[in-house]
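Dear colleague,

I am passing on the structure below, together with some notes on what turned up in it. Please read them with the model open beside you.

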Amino acid sequence: MNGVNRGASIGAIKLGVIFLGRRRPGFDMDWGRAQEQKVRRWLKEEEFTIFEPQEKAVDDASIRQAMAACEKEDVSAVVVLQTTMGDGRLAPTLAQLWPDPIILWATPEKPDGDMISSCSLVGAHCWGSVLRQMGHSFDLVYGDPDARETQQRLRDAVRLAATVRRLRTLRLGLVGGQAPGYFAMGAEPFAMHHGLGVQLQMFSLIEFSNIVNGLSEQAVAEDVAQLKALGLKHKDTTDADLPMASRLYLSMRSIMDTEALDAMTVRCWPEMPNTFGQWPYLGIARLADEGRAIACEGDADGALSAWIGESLGQGRAYLTDWLEHDHETITVWHGGAAPLALCPPPGEPGGPQIARHFNIKKPAVVEATLRENMPVTIMRLWRCDGRYYLTAREGKTIKPRRHLMGTNGLAKLDRQDPHQWFEELCHAGMPHHVVVFEGHSADLLKRFARAMGIQFV
């Protein structure tokens with residue numbers, strides 16, 4: 001995965017490392033021990049926390065003991081290594097004990113001599129075929145522990161496995177339902193649970209309004225000061241608009257914190273600008289810039305798309321319309337809620353400024369242009385026909401052909417005709433929002449979809 005890595009800290013992930021041993025010597029045991037030490041030495045330098053059971057797993061009893069120790073340590077992901085080929089009969093036991101993706105790491109053969117040194121890849125292949133036929137997800141890593149490509153592959157695998165596991169306990173909040181007419185973005189709690197393991201909690205706009213009106217003047221004033229410290233200039237707004245903008249931001253943040261929500265979406269129109277005299281987009285942009293998974297227009301799967309990207313280390317999520325396209329580029333545009341991290345700094349050309357909405361001329365939105373020459377991944381998770389789908393393509397941003405009010409960007413795709421992709425996605429029922437992340441991560445998202453049993457489009 002190329003590009004920046006501003007997602008949730010990988011240091012919060014605890015990785016269980018299980019070495020498979022042998023009851024009797026075989027292959028080149030010295031080579032196997034040397035590979036083990038290289039693995040341990042590199043893992044000690046990584047940010048994520050490592051837990052290794054005291055004994056190697058050599059039979060059913062010892063792998064159960066190892067997994068009991070991992071459960072006690074509350075690991076987020078499990079990697080299994082057999083630097084000399086272990087017992088394939090342990091794969092079904094581990095699959096029963098660990099319901100989430102298992103990372104299989106195969107280390108290389110000794111590069112000289114005529115002796116077969118490890119059969120590590122053969123062992124991982126055996127495990128992978130068994131897990132697949134059991135319907136149990138897994139991810140593969142193959143290579144020298146000192147190779148940068150291997151190290152990045154494992155980092156991505158750890159994030160992937162931890163993300164799948166975290167989805168099983170994720171709480172998604174929906175405030176007010178989807179925007180009128182956007183039926184494809186509607187949330188269905190049992191479909192989300194069966195498809196992803198996600199828990200959906202719903203809140204009314206009246207509940208939200210009570211929070212907005214219940215904030216103290218001091219809390220609002222303190223947040224206005226923090227907002228002004230961001231250095232955003234006014235386009236057609238004034239400081240008099242900031243207190244309500246802060247109230248909407250603080251209220252969304254309050255629901256996420258008090259209800260322990262991992263992700264949230266709000267019905268931003270038509271009620272909010274009519275009830276509060278403002279759009280919540282400036283607040284949404286601030287929350288997204290803080291790494292919160294949040295979506296507008298009641299787009300529940302859009303919020304989940306943002307959360308998945310953050311959890312996989314893709315960085316800040318920009319939920320956007322697919323406004324128009326030609327055979328090379330897509331115009332990604334929305335009313336004004338892009339995270340500041342994806343825009344030029346305030347004060348520079350295209351940098352974020354506080355503005356009124358392009359259509360209903362009320363504050364407060366972020367008007368900005370996405371940074372040029374930025375590698376990006378455009379992705380989306382959605383439901384159709386009772387199942388989940390995921391899509392992702394890579395490209396880079398270029399200078400837009402014209403200025404657009406709101407948040408504007410032009411993305412040139414790599415090896416993909418947007419006409420063809422758009423038609424395919426429409427026939428697959430994809431709702432109208434896509435999510436833009438900095439960096440190239442389509443391969444990782446495809447691996448994630450495979451681990452979840454989700455069809456990749």
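This is a predicted model: local features need pLDDT of at least 70, side-chain atom pairs count only at pLDDT 80 or more; totals for chains, interfaces and linings use all residues.

The structure holds 8 aromatic pairs, and in the one formed by Y182 and W269 the ring centres lie 5.9 Å apart with the planes at 80°, so the pair is edge-to-face. This pair links distant parts of the chain, since Y182 belongs to the loop between β6 and α6 whereas W269 belongs to the loop between β9 and α10, 87 residues apart.

A further pair is that of W322 and F422, whose ring centres are 5.0 Å apart and whose planes stand at 50°, so this one is tilted. Because W322 lies in strand β11 and F422 in helix α13, the pair ties together parts that are 100 residues apart in sequence. W322 counts as buried at 9% relative accessibility, while F422, at 29%, counts as partly exposed; together with W421 they form one aromatic cluster.

Two arginines also deserve a mention: the charged end of R40 sits over the ring of F19, 4.5 Å from its centre, and R387 lies over the face of Y389, at 5.3 Å from the ring centre.

Definitions and conventions: Residues are numbered from 1 along each chain as its sequence is written. Side-chain values use heavy atoms; hydrogens and water are left out. Rings of Phe, Tyr and Trp (its six-membered ring) pair if their centres lie within 6.5 Å; planes under 30 degrees apart count as stacked, over 60 as edge-to-face and the rest as tilted. Helices (H or I, at least four residues) and strands (E, at least two) are DSSP runs, numbered from the N terminus. Buried means under 20% relative accessible area, exposed over 50%, partly exposed in between (1.4 Å probe, protein chains only). A charge sits over a ring if NZ of Lys or CZ of Arg is within 6 Å of the ring centre and within 35 degrees of the ring normal.
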